[in-house]
Amino acid sequence: AMAIPKLVASFPPTLRASSVRVTAPAEITSYSKDASGRITIPACRIRLYKKPHLPYDLNIGMSEYIAKKEGDVTLEPVLQALSHAQFSTTRSCDFVSYRNNLNKIMETPYNKKDPWKIKLRKDSSVIYMDVVKLEEQSTQSPRSMRKFQYWGYKFEGACTSDDGDQSHVDANEEYCSVFQISIGENRLVLAAEMDCIEPEKEEQSEKEGGGKRRYVELKTSRVISHPNQNNTFQRFKLLKFWIQSFLGGVGKIVCGFRDDDGILQEVKEFKTLEIPRMVRGKPNMWDPNVCLKFTEDLLTRLKTLVKESVSYELVYEPKQEQVRLFETDPQVAARS
């Protein structure tokens with residue numbers, strides 16, 4: 001029989017803002033994955049950013065597109081990379097996760113439509129957060145979803161390949177950075193896929209001591225032709241962009257604006273730390289301190305609530321307007 005998950009606690013998202021001490025993300029190591037799933041630690045080379053020529057047709061090569069394989073996302077490669085770097089999680093962190101889970105948590109106070117779920121387990125006082133894929137609530141056909149995904153990947157190709165249209169798109173190849181960040185008193189080790197880095201100018205590498213990789217996040221969005229669309233872009237897209245890049249220590253986001261036919265018309269650069277200023281004081285916008293405060297409070301409570309060797313699920317249902325923590329029976333879950 002299925003065990004009924006036991007409710008441990010609820011966290012209603014609040015719009016309370018107060019400043020939270022956050023340390024700048026510091027990279028520990030990296031790893032890369034090739035199309036066949038083979039892991040290299042530390043990562044072999046990352047792509048270099050270069051501005052694409054406009055207009056650019058993002059449909060080119062779509063017939064050869066290899067989409068991401070569906071499958072369980074495990075923390076295994078992250079743990080391998082950490083052990084290779086001789087980094088001890090038990091001594092130096094409270095949480096280990098992919099950034100993706102933290103994106104979801106941070107966006108929650110403003111998220112009225114996307115449910116999410118995260119699996120948790122605690123081992124030697126470290127909480128490991130596993131990614132759970134939910135069926136996407138999409139109004140789009142699988143075919144147009146695939147098209148939008150391809151355009152996104154193709155934009156990455158357009159911004160990083162020297163041979164223009166020659167590079168095929170295989171979504172299974174990835175480069176991941178593994179880094180430490182603290183949010184309040186919560187020390188996290190996060191792994192995140194990175195798109196590319198700024199080509200180093202000689203004077204920069206000396207000034208920055210060469211240790212800090214200057215990652216660039218690449219995004220696509222629909223061309224903005226109406227003030228309402230700009231409002232939506234700032235309210236929803238920029239929030240997601242900011243959270244993701246802020247958490248990963250990515251200084252710059254390059255957004256390609258494309259039309260409905262997939263033709264890239266314009267490329268705009270956003271400095272991550274300047275994004276909150278673009279929306280500050282505007283009606284119905286968002287406040288970064290609301291996101292950080294909710295995240296800090298939630299993580300702090302999880303540290304005391306989550307017990308060793310018990311399985312948990314953290315679940316957010318927008319309709320219920322709260323994040324709930326359930327205890328789940330691991331044996332039952334494995335059998336079902």
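Let's start at a loop: S225 sits between strand β11 (215-222) and helix α6. This is a predicted model, and in it S225 is exposed, since its relative accessible area of 59% is over the 50% cut-off.

**The cores**

Now for the inside. The largest nonpolar core has 53 residues. Those with the most contacts inside this core are F11, L120, M129, W242, L302 and L314. Helix α6 (residues 227-248) supplies the largest share of the core, eight residues. There is also a second, separate core of 17 residues, and Y56, A158, C196 and V267 are among its members.

What is L120 in contact with, once its neighbours within four places in sequence are left aside? The list takes in I127, Y128 and M129, then L302, V306, V310, S311, Y312 and L314, and finally L325.

**Helix α3**

Helix α3 runs over residues 99-107. How many of its nine residues are buried? Seven are, so α3 counts as mostly covered, given that buried means under 20% relative accessible area. The buried set is R99, N101, L102, N103, I105, M106 and E107.

**Two helices against α8**

Helix α8 (residues 288-305) meets α3, and α8 also has a contact with α6. Here are the two pairs side by side:

| Pair | Axes come within | Crossing angle |
|---|---|---|
| α3 and α8 | 8 Å | roughly 115 degrees |
| α6 and α8 | 11 Å | roughly 55 degrees |

With that angle, α3 and α8 are therefore roughly perpendicular to each other. α3 passes α8 in a right-handed crossing. On the α3 side the contact is made by L102, I105 and M106, while α8 brings C291, L292, F294, T295, L298 and L299. By type, the residues of this α3 and α8 contact split into eight nonpolar, one polar and no charged.

The angle between α6 and α8 makes α6 oblique to α8. The crossing of α6 past α8 is right-handed. Here α6 uses L239, W242, I243 and F246, and they meet P288, C291 and L292 of α8. The residues of the α6 and α8 contact are seven nonpolar, with no polar and no charged.

A couple of residues turn up again. C291 and L292 of α8 take part in the contact with α3, and C291 and L292 are also listed for the contact with α6. W242 of α6 touches α8, and W242 is one of the residues with the most contacts inside the largest core.

Technical notes: Residues are numbered from 1 along each chain as its sequence is written. This is a predicted model: local features need pLDDT of at least 70, side-chain atom pairs count only at pLDDT 80 or more; totals for chains, interfaces and linings use all residues. Side-chain values use heavy atoms; hydrogens and water are left out. A nonpolar core is a set of buried Ala, Val, Leu, Ile, Met, Phe, Trp, Tyr and Cys residues joined through side-chain atoms within 4.5 Å. Buried means under 20% relative accessible area, exposed over 50%, partly exposed in between (1.4 Å probe, protein chains only). Helices (H or I, at least four residues) and strands (E, at least two) are DSSP runs, numbered from the N terminus. Contact means heavy atoms within 4.5 Å. Axes are lines fitted to C-alpha atoms, for helices over the stretch in contact, and angles run from 0 to 180 degrees between N-to-C directions. Angles under 35 degrees count as roughly parallel, over 145 as roughly antiparallel, 65 to 115 as roughly perpendicular and the rest as oblique. A crossing is left-handed if the near helix is turned anticlockwise from the far one by less than a right angle, and right-handed if clockwise. Ala, Val, Leu, Ile, Met, Phe, Trp, Tyr, Cys and Pro count as nonpolar, Asp, Glu, Lys and Arg as charged, and the others, Gly among them, as polar.
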